[in-house]
Amino acid sequence: RKQQKDPKQKGVSPVKKRVNRILIIAAALTLAAAVGVTFAFMFKKAKSENLLVPASISCTVHEKLDGTEHTDGTNIGGRKNDITVENTSNTSAFVRLRVVSNWVNADGEIMGISSEMPSLTLNDNWLKGSDDTYYFALSLAPGEYTESLCEPFHLSQSTDRDGNVIYQNVELFAEAIQASPTGAAVQSWGVTINDGKITAAP
């Protein structure tokens with residue numbers, strides 16, 4: 001018994017079937033390529049709209065000697081005042097200051113003579129910690145300054161064994177740390193923070 005052919009396939013040559021198959025595959029590849037381009041565009045767009053800027057933490061000390069602010073060089077004077085710290089980070093930060101006192105000659109060279117720390121009368125929002133380190137209680141926004149560390153104080157003069165005049169030099173070393181999360185300052189500095197404010201320093 002002979003099998004009857006499907007009328008719909010009647011007259012369709014093997015060559016035409018092959019061509020139809022090639023066209024279907026080509027259409028599928030075109031669709032895949034179009035999807036790939038669409039996804040690539042979507043991913044690129046999403047990336048450009050959600051760029052994350054990493055936190056950059058830094059700070060700068062500002063101070064005056066006899067009423068004049070100096071940024072570099074060796075400067076001799078008798079009265080230090082207006083000691084502040086500027087948050088130069090791109091995010092909010094806590095800051096602290098370490099105070100170091102030594103004797104220097106007229107060229108700014110440190111002498112091997114012990115020097116006493118100046119007695120500081122702290123202003124509001126400054127806390128004294130150990131090792132002559134002082135903490136500003138409030139977090140600073142980018143570009144914001146602390147209040148002045150203390151009331152103005154005077155620097156001493158003395159002489160070395162050879163009778164040369166030497167000068168008391170008080171150096172200030174500032175450090176900043178991100179204010180959020182507060183656990184960063186708590187863990188690194190050992191401070192106590194309540195309601196976003198440093199309330200105790202180690």
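Start by selecting Phe153, which touches Gly78, Arg79, Lys80, Ile83, Pro118, Leu120 and Val170, leaving out residues up to four places away in sequence; a contact here means heavy atoms within 4.5 Å. Before you go on, note that this is a predicted model, in which local features need pLDDT of at least 70 and side-chain atom pairs count only at pLDDT 80 or more, while totals for chains, interfaces and linings use all residues. Residues are numbered from 1 along each chain as its sequence is written, and side-chain values use heavy atoms, with hydrogens and water left out.

Buried means under 20% relative accessible area, exposed over 50%, and partly exposed in between (1.4 Å probe, protein chains only). Helices (H or I, at least four residues) and strands (E, at least two) are DSSP runs, numbered from the N terminus.

**Strand S6 and its partners**

Move to S6, where Thr133 and Tyr135 point one way, Tyr134 and Phe136 point the other way, and all are buried. In a regular strand the side chains alternate between the two faces of the sheet. S6 runs antiparallel to S4, joined by three bridges, and Arg98 stands opposite Thr133. Strands count as paired if DSSP finds at least two bridges between them. Three bridges also join S6 to S5 (residues 126–128), again antiparallel; here, look for Leu127 opposite Tyr135. S5 and S6 form a hairpin with four residues between them, and Asp131 in its turn has a positive phi of about 55°.

**The open sheet**

Now show the open sheet of four strands, ordered S2-S1-S3-S7 with antiparallel pairing. S2 (68–69) and S7 (153–154) stand at the edges with a single partner strand each, so one side of each has no neighbour in the sheet. Two bridges join S1 to S2, and Lys64 stands opposite Glu69.

Select Glu86 in S3 (residues 79–87). Glu86 is buried yet has no salt bridge, and the nearest side chain of opposite charge, Lys64, is 13 Å away. A salt bridge is a side-chain nitrogen of Lys or Arg within 4 Å of a carboxyl oxygen of Asp or Glu; for charge, Lys and Arg count as positive and Asp and Glu as negative, with His and the chain ends not counted. Beyond four places in sequence, the residues touching Glu86 include His62, Glu144 and Tyr145.

Finally, go to Asp160 in the loop between S8 (157–159) and S9. Is Asp160 buried or exposed? Asp160 counts as buried because its relative accessibility is 15%. Leaving aside neighbours within four places in sequence, Asp160 is in contact with Met111, Ile113 and Ile166.

**Zooming out**

Viewed whole, the protein has two helices and eleven strands, and buried residues make up 27% of its 202 residues.
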